[in-house]
Amino acid sequence: PYTIEQVKALVREFPDFPSKGILFRDIFPIFRHPEAVECLVDHFVERIKELGQRVDVVVGLDARGFLFGPLIAIKLGVAFAPVRKRGKLPGEVVSVTYMKEYGPDVFEMQADALAAGQNVVIIDDLLATGGSCKAAEDLVAQLKGKVLLSAFVISLVGLEGDKKLKAPVYALIEC
Ligand code: 5GP
């Protein structure tokens with residue numbers, strides 16, 4: 001079995017990816033070790049249970065939030081709902097426009113993915129500027145849900161993404 005410190009050590013850094021000047025954090029080595037994934041998922045589940053509040057839906061962000069989100073939802077015994085880029089989700093959707101590095105982008109959620117009054121935990125791999133997570137908070141608010149926590153593998157604390165967010169943030173690695 002893996003310890004959480006061993007899981008942290010699996011995250012790698014790639015300078016100048018996907019473009020010059022960017023230091024990319026790669027979480028995929030974790031997925032080469034099923035027991036590391038299990039340790040990570042259990043770690044998140046414990047943090048979420050410590051909230052001491054009913055969780056109804058785990059919301060995962062496109063695309064790496066889809067790797068952990070459903071695994072966390074299964075362990076909690078609750079629903080999973082994806083936030084996706086525009087045009088990927090069928091049926092009625094709510095949408096929000098948010099600013100990315102090179103211009104605006106649109107995130108969507110299925111309107112029936114969440115009922116009014118439900119409690120949500122947002123999951124993604126990395127918090128940078130907080131723009132993506134803020135957009136997800138906005139979608140949950142449009143559906144009258146409440147975000148209890150946003151949880152990440154990595155937070156780039158210098159970018160102060162958490163200051164954009166209404167709900168508290170948990171990150172396994174702060175750098
Ligand atoms: P933000 O919206 O907070 O500025 O950026 C966060 C989003 O960008 C997340 O969905 C995350 O997956 C992606 N992202 C930005 N930088 C990195 C990185 O270095 N590594 C990984 N894995 N994802 C990143």
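1. A polar side-chain atom of S132 lies 2.6 Å from an oxygen atom of the ligand. The side chain of T129 brings an N or O atom to 2.5 Å from a ligand oxygen, and a polar backbone atom of G131 is 3.4 Å from an oxygen atom of the ligand. A polar contact here is a pair of N or O atoms within 3.5 Å; within protein, one must be able to donate a hydrogen and the other to accept it, and residues adjacent in sequence count only if both atoms are side-chain atoms. Of the 500 Å² of accessible area that the ligand has on its own, the protein covers 82% (Shrake-Rupley method, 1.4 Å probe).

2. The model is predicted: local features need pLDDT of at least 70, side-chain atom pairs count only at pLDDT 80 or more, and totals for chains, interfaces and linings use all residues. Residues are numbered from 1 along each chain as its sequence is written, and side-chain values use heavy atoms, with hydrogens and water left out.

3. The residues around the ligand (a heavy atom within 4 Å of it) are L23, F24, R25, R64, D124, D125, L126, A128, T129, G130, G131 and S132. At least two residues of this shell come from each of β2 (23–26), β7 (119–127) and α4 (131–142). Helices (H or I, at least four residues) and strands (E, at least two) are DSSP runs, numbered from the N terminus. By class, the shell has four nonpolar, four polar and four charged residues. Ala, Val, Leu, Ile, Met, Phe, Trp, Tyr, Cys and Pro count as nonpolar, Asp, Glu, Lys and Arg as charged, and the others, Gly among them, as polar.

4. Backbone geometry in the loops deserves a look. In the loop between β1 (12–15) and β2 lies P18, and the peptide bond from F17 to P18 is cis, with omega near -5 degrees. D16 is also found in the loop between β1 and β2; its phi is near 60 degrees, a positive value in a residue other than glycine. The peptide bond from D62 to A63 is cis as well, with omega near 0 degrees, and A63 is found in the loop between β3 (57–61) and α3 (65–76). Most residues other than glycine have a negative phi, and most peptide bonds are trans.

5. The count comes to twelve salt bridges (a side-chain nitrogen of Lys or Arg within 4 Å of a carboxyl oxygen of Asp or Glu).
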